[in-house]
Amino acid sequence: MGRRLAALAALPLLAFGGGAHAAPSDPIGDLLMNAITGTLPGSADFRLKATLYHAGAKGVGGLDSLGCKVVAMRTAAIDRNLIPRRTVLFIKETVGLPMPDGSTHDGYWYASDVGGAIKGARIDLFTGIGSGSMKPMRPLNLAQLTVVKAGEFKGCPPR
């Protein structure tokens, strides 16, 4: 009973206090996140090395590989041999990061882009316009992220 109460007490911290730091092993927190996201314990689909990209960098346009506008803190570039385009992804390390509109990130990203350097177990996350947009995400650059397939989407990713 005490463990359940401790787990429930931790729920607000998961919802609002997540940071861009890799957390130490937290079995109860992982169990809560698995319950929230509907995944089974230990069922991370992928451990992917993250890089960041932004509009204004050389070779980065305003459209993804589907022909849709890239969406800050939502568009992910993947190797489509590993993850199909139009896959909704959940990346737990991004939960709680600041969004451009002032809200906090819920951890959901949309695999709608590809890149020449994105091969195998890599993911490139679009941060927004200009290199300053990468600041909140810098601790995750070159980190191994836990990426779970959370569904599929049709058309363009939501804005």
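Let's start with the fold. Six strands close into a barrel, in the order E1-E5-E2-E4-E3-E6, and the pairing is mixed. From one strand to the next, the twist averages 45°. Keep in mind that this is a predicted model.

Now the E1 and E6 pairing. These two strands run in the antiparallel sense, paired over four bridges. For a landmark, find Arg 47: Thr 146 in E6 stands opposite.

Next, the inside. The largest nonpolar core has 21 residues. Which of them touch the most other members? They are Leu 89, Trp 109, Ile 123, Leu 125 and Met 137. Two or more residues each come from strand E1 (46–55), strand E2 (75–78), strand E3 (87–91), strand E4 (108–113), E5 and strand E6 (144–152). E1 gives the largest share, four residues.

As background, nonpolar side chains tend to be buried together in soluble globular proteins.

Take Leu 125 from the largest core. Set aside its neighbours within four places in sequence. Leu 125 then contacts Thr 51, Leu 52, Tyr 53, Thr 75, Ala 76, Ile 91, Trp 109, Met 137 and Leu 145.

Now a polar residue, Thr 127. Thr 127 sits in strand E5, residues 122–129. Is Thr 127 buried or exposed? Its relative accessible area is 3%, so Thr 127 is buried. Its side chain has a polar contact with the side chain of Ser 133, at 2.8 Å. Beyond neighbours within four places in sequence, the contacts of Thr 127 are Leu 52, Tyr 53, His 54, Ala 72, Met 73, Ser 133, Met 134 and Met 137. Met 137 and Tyr 53 are also among the contacts of Leu 125.

Last, two loop residues to look at. Most residues other than glycine have a negative phi. Arg 86 has a positive one, near 70°. Arg 86 is in the loop between E2 and E3. With a relative accessible area of 33%, Arg 86 is partly exposed.

Leu 142 also has a positive phi, near 70°. Where is Leu 142 found? In the loop between E5 and E6. How accessible is Leu 142? Its relative accessibility is 53%, and the cut-off for exposed is over 50%. Therefore Leu 142 counts as exposed.

To recap: a barrel of six strands, a largest core of 21 residues, and a buried Thr 127 with a polar contact to Ser 133.

How values were computed
Residues numbered from 1 in each chain as written. Predicted model: local features only at pLDDT ≥ 70, side-chain atom pairs only at ≥ 80, totals over all residues. Heavy atoms only, no water. Buried < 20%, exposed > 50% of the residue type's maximum accessible area, 1.4 Å probe, protein only. Polar contact = N/O pair within 3.5 Å; in protein donor to acceptor, adjacent residues only side chain to side chain. Contact = heavy atoms within 4.5 Å. Core = buried A, V, L, I, M, F, W, Y, C linked by side-chain atoms within 4.5 Å. Pairing = 2+ DSSP bridges. Axes fitted to C-alpha atoms, helices over the stretch in contact; angles between N-to-C directions.
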